[in-house]
Amino acid sequence: MPPVSLVDLRLDGHVATVTLNRPEALNAISSELANELAGAVLQAAASPESWVVVLAAAGEKAFCVGADLKERNQLDDAGWMRNRVLMRSMFDAIRSVPQPTIASVFGFALGGGFELALSCDLIVAAEDAVVGLPEATVGIVPGGGATQLLARRLGVSRAKSLIFTGRRLTAAQALELGLVERVALRELLDSTTLDLAAEICRSSPVAVREAKQAIDRGFGLPLETAIELEDLAWRRNVASSDRREGVAAFNEKREPAWKGR
């Protein structure tokens, strides 16, 4: 029998869904899974038909419990460094996706699992989701971007508190803090995530990609520098066929037929 893929990729309409497929290990991130996930995400990003990328997971108990510590327990220092290269590449791949990305989270999303979600633009969580960064409690610094991503979302003080203590948050608490976009019943998580993806797909994929780039690159820069980045995004977008189609559709009182270029 052929080996079971640790990551599945499916394109449905204009929504590409990348699914972690290691439920027997609570989708713990092994070196192999990290390598497959990076490849699947980049493949989804490269498709012109993909306007939104969803990161999902198989199983019932956990979206992802983070790095595979059983695998890491067998590594020497050099092995840890080799593993680091794979992990870094995986997180870099997710953050580099030009399309909007949505994490569809349920059960436990801890450590690197939570960092996978934080690497996406938006998070939809099931009511049973529990998120947290316990790395410091086992002697590790978060290495999937959490020290930067969480501070950008919550502010420095709250990020420090969550990382220093390893405290876990429920979906309701994460929603209250603004970490999560929507909370759904567990059985409605997939449909709620896809509803959000469909809502985004009603906007021009060119405009959305340019807006994402302007936000991401401009955040933290001096205002006037960031405004210049916005101007460049506007100029690229205004030259697109989507801009011409959007204005025509508005004036003709019809739904636009986006081409994504």
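Close-up 1. T101 lies in strand 5 (residues 101-105), where strands (E, at least two residues) and helices (H or I, at least four) are DSSP runs numbered from the N terminus. The model is predicted: local features need pLDDT of at least 70, side-chain atom pairs count only at pLDDT 80 or more, and totals for chains, interfaces and linings use all residues. Residue numbers start from 1 along each chain as its sequence is written, and side-chain values use heavy atoms, with hydrogens and water left out. With a relative accessible area of 3%, T101 is buried (buried is under 20% relative accessible area, exposed over 50%, partly exposed in between; 1.4 Å probe, protein chains only). Apart from neighbours within four places in sequence, T101 is in contact with V53, S119, C120, D121, L122 and K212; contact means heavy atoms within 4.5 Å.

**Close-up 2. Packing of helix 1 on helix 3.** Helix 1 (residues 31-46) packs with helix 3 (residues 77-96) at an angle of about 25 degrees, and their axes are 9 Å apart. Axes are lines fitted to C-alpha atoms, for helices over the stretch in contact, and angles run from 0 to 180 degrees between N-to-C directions. The two helices are therefore roughly parallel to each other (under 35 degrees is roughly parallel, over 145 roughly antiparallel, 65 to 115 roughly perpendicular, the rest oblique). The crossing of helix 1 and helix 3 is left-handed, that is, the near helix is turned anticlockwise from the far one by less than a right angle, clockwise being right-handed. On the helix 1 side, S31, A34, N35, L37, A38, V41 and L42 take part; they meet N83, L86, M87, S89, M90, A93, I94 and S96 of helix 3. By class, this contact has 10 nonpolar, 5 polar and no charged residues (Ala, Val, Leu, Ile, Met, Phe, Trp, Tyr, Cys and Pro are nonpolar, Asp, Glu, Lys and Arg charged, and the others, Gly among them, polar).

**Close-up 3. Packing of helix 9 on helix 10.** Helix 9 (residues 205-218) and helix 10 (residues 223-238) pack at about 165 degrees, with axes 9 Å apart. That angle makes helix 9 roughly antiparallel to helix 10. The crossing of helix 9 with helix 10 is right-handed. From helix 9, V206, A207, E210, Q213, A214, R217 and G218 meet A226, L229, E230, A233, R236 and N237 in helix 10. The residues of this contact divide into 6 nonpolar, 3 polar and 4 charged.

**Close-up 4. Salt bridge between R22 and D68.** The structure holds 10 salt bridges, each a side-chain nitrogen of Lys or Arg within 4 Å of a carboxyl oxygen of Asp or Glu. In one of them, the side chains of R22 and D68 meet at 3.0 Å, N to O. The partners are 46 residues apart and link distant parts of the chain: R22 is in the loop between strand 2 (15-20) and helix 1, D68 in the loop between strand 4 (62-64) and helix 2 (69-72). R22 is buried at 16% relative accessible area, and D68 is buried at 11%.

Close-up 5. R95 and D92 form a salt bridge of 2.6 Å, N to O. Both lie in helix 3, 3 residues apart, about one turn of the helix. R95 is partly exposed at 33% relative accessible area, and D92 is partly exposed at 29%. In the salt bridge of E252 with R254, the closest N and O atoms are 2.6 Å apart. E252 counts as exposed at 51%, whereas R254 counts as partly exposed at 34%. Salt bridges with shared partners join R88, D92 and R95 into one network.
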